[in-house]
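Please look at the model shown here, and keep the sequence beside it while you read the notes that follow.

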Amino acid sequence: MTDFAYSEELVARYGQKLNILVTDSGRLVQMMSNESLKENAVQYILQTLGLTMSDALWLGDDYNDLGLFQS
């Protein structure tokens with residue numbers, strides 16, 4: 001979504017149920033399930049391949065990438 005005027009209300013109402021990121025001075029709202037995190041997906045793929053997080057390298061350009069760098 002872009003230029004969404006009700007982002008604060010959205011976070012207040014659904015912030016406990018969803019991962020909601022509001023960036024770009026409120027112009028961009030990203031919503032996803034709390035379980036839908038990039039680091040969870042990467043960890044699943046690596047485990048399937050018999051690798052660990054320390055075997056991987058990644059790049060990111062937004063707030064939803066921070067978890068990759070913290071794992």
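This is a predicted model: local features need pLDDT of at least 70, side-chain atom pairs count only at pLDDT 80 or more; totals for chains, interfaces and linings use all residues.

Asp-65 is found in the loop that runs between helix 2 (38-48) and helix 3 (66-70). Its relative accessible area is 3%, and because buried means under 20%, Asp-65 counts as buried.

Once its neighbours within four places in sequence are left aside, the residues in contact with Asp-65 are Lys-38 and Gly-60. A polar atom of the Asp-65 side chain also lies 2.8 Å from the backbone nitrogen of Asp-61.

## The salt bridge

Which side chain meets that of Asp-65 in a salt bridge? The partner is Lys-38, with a distance of 2.6 Å from N to O, and the count for the model comes to one salt bridge. Lys-38 lies in helix 2, whereas Asp-65 sits in the loop between helix 2 and helix 3, so the pair ties together parts that are 27 residues apart in sequence.

The two partners can also be described by their accessibility: Lys-38 is partly exposed, at 39%, while Asp-65 is buried, at 3%.

## A nonpolar patch on the surface

Elsewhere in the model, Tyr-44, Ile-45, Leu-49 and Leu-51 form a nonpolar patch on the surface, and together they have about 440 Å² of accessible area. One of these residues, Ile-45, lies in helix 2, and with a relative accessibility of 49% Ile-45 counts as partly exposed, because the term exposed is kept for values over 50%.

Definitions and conventions
Residues are numbered from 1 along each chain as its sequence is written. Side-chain values use heavy atoms; hydrogens and water are left out. Helices (H or I, at least four residues) and strands (E, at least two) are DSSP runs, numbered from the N terminus. Buried means under 20% relative accessible area, exposed over 50%, partly exposed in between (1.4 Å probe, protein chains only). A polar contact is a pair of N or O atoms within 3.5 Å; within protein, one must be able to donate a hydrogen and the other to accept it, and residues adjacent in sequence count only if both atoms are side-chain atoms. Contact means heavy atoms within 4.5 Å. A salt bridge is a side-chain nitrogen of Lys or Arg within 4 Å of a carboxyl oxygen of Asp or Glu. Patches are made of residues with over 30% relative accessible area and no salt bridge: like charges are joined within 9 Å, nonpolar side chains (Val, Leu, Ile, Met, Phe, Trp, Tyr) within 5 Å. Accessible areas come from the Shrake-Rupley method with a 1.4 Å probe; for residues, only the protein chains shown count as cover.
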